Amino acid sequence: MNGLVGLLLMCAEASGKWGGAQQSLANICGKLRSRNIQPRDVLRSLGAKPLHCSEAPELYAILLSVCDRAGMERLPELFLLPSPGMNAYALGAPENACISVTKDLLRGLSRDEIAGILAHEVAHILSGDTSAMNWAAAIEGEIASSALTGIAEFAARREQGAETQALLLAAAPALARMMFFALSRIRELAADAMALDLIDHPSALVAALCKLEYFHTGRSPLHAHLQDSPFSGILSSHPGTWERISHLA
């Protein structure tokens with residue numbers, strides 16, 4: 001996150017608008033606060049349906065065990081996503097968090113493996129990852145806007161000796177995108193590590209990741225790792241499954 005803020009400040013300085021960066025951060029803060037969209041509303045807009053305890057008592061029992069270890073006072077609301085695939089997502093902070101899962105995930109994983117996936121999502125909630133990534137996305141967007149505006153002004157003025165600043169502004173959107181992805185990958189690995197403390201069988205999380213990789217790609221994590229491009233990781237929001245497993249091991 002500090003890297004993104006620093007890049008925004010550099011873009012402002014390069015375009016001669018140092019005070020503009022501070023104003024941009026203030027504007028981002030105001031916009032994020034004004035939206036204040038509840039996680040349950042976001043999920044409902046995606047077609048997700050609430051999963052009540054009476055409909056999925058075993059799933060809630062797993063979640064309760066994970067949240068009890070995590071010291072959470074409120075149980076996240078569970079939603080069922082209509083999309084195919086083995087996926088789970090967490091949104092919100094401890095006071096309003098929701099976790100969504102797909103039918104394929106519930107069908108394809110064992111009880112312990114589901115516990116590992118839910119623990120990973122609970123770790124995201126405890127770490128405030130929804131808020132952090134919303135901030136990161138907003139700053140990335142501001143960097144792109146600032147860079148384009150600065151380049152246009154340089155072109156209009158045809159200022160001599162400003163090639164370095166112009167190059168920085170031209171590269172800034174791509175750099176910001178890579179920083180955003182890097183931040184996301186770091187938080188994914190941190191959520192994996194935290195999840196191990198919230199479940200009885202840490203190896204179950206590894207098993208779940210292997211099943212997800214095979215479901216989505218038809219390959220084992222190692223085969224996927226060997227066949228992927230060495231540069232594909234920097235343009236991904238998630239670390240490769242093999243990298244996740246190696247960190248967990």
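**Labels and their cut-offs**

Analyst: Threonine 241 is in helix α11, residues 241-248; helices are DSSP runs (H or I, at least four residues), strands are DSSP runs too (E, at least two), and both are numbered from the N terminus. This is a predicted model, where local features need pLDDT of at least 70, side-chain atom pairs count only at pLDDT 80 or more, and totals for chains, interfaces and linings use all residues. Residues are numbered from 1 along each chain as its sequence is written, and side-chain values use heavy atoms, with hydrogens and water left out.

User: Why is threonine 241 called buried?

Analyst: Buried means under 20% relative accessible area, exposed over 50%, and partly exposed in between (1.4 Å probe, protein chains only). Threonine 241 has 12%, so it counts as buried.

User: What makes aspartate 192 and arginine 244 a salt bridge?

Analyst: The rule asks for a side-chain nitrogen of Lys or Arg within 4 Å of a carboxyl oxygen of Asp or Glu. Here the N to O distance is 2.8 Å. Aspartate 192 lies in helix α8 (residues 163-195) and arginine 244 in helix α11, so the pair ties together parts 52 residues apart in sequence.

User: Is aspartate 192 buried or exposed?

Analyst: Aspartate 192 is buried, at 2%. Arginine 244 is buried too, at 10%.

User: Why is cysteine 53 called partly exposed?

Analyst: Its relative accessibility is 45%, so cysteine 53 counts as partly exposed. Cysteine 67, at 2%, counts as buried.

User: How many disulfides does a search of the whole structure find?

Analyst: The search finds 0. A disulfide needs a pair of cysteine sulfur atoms within 2.5 Å.
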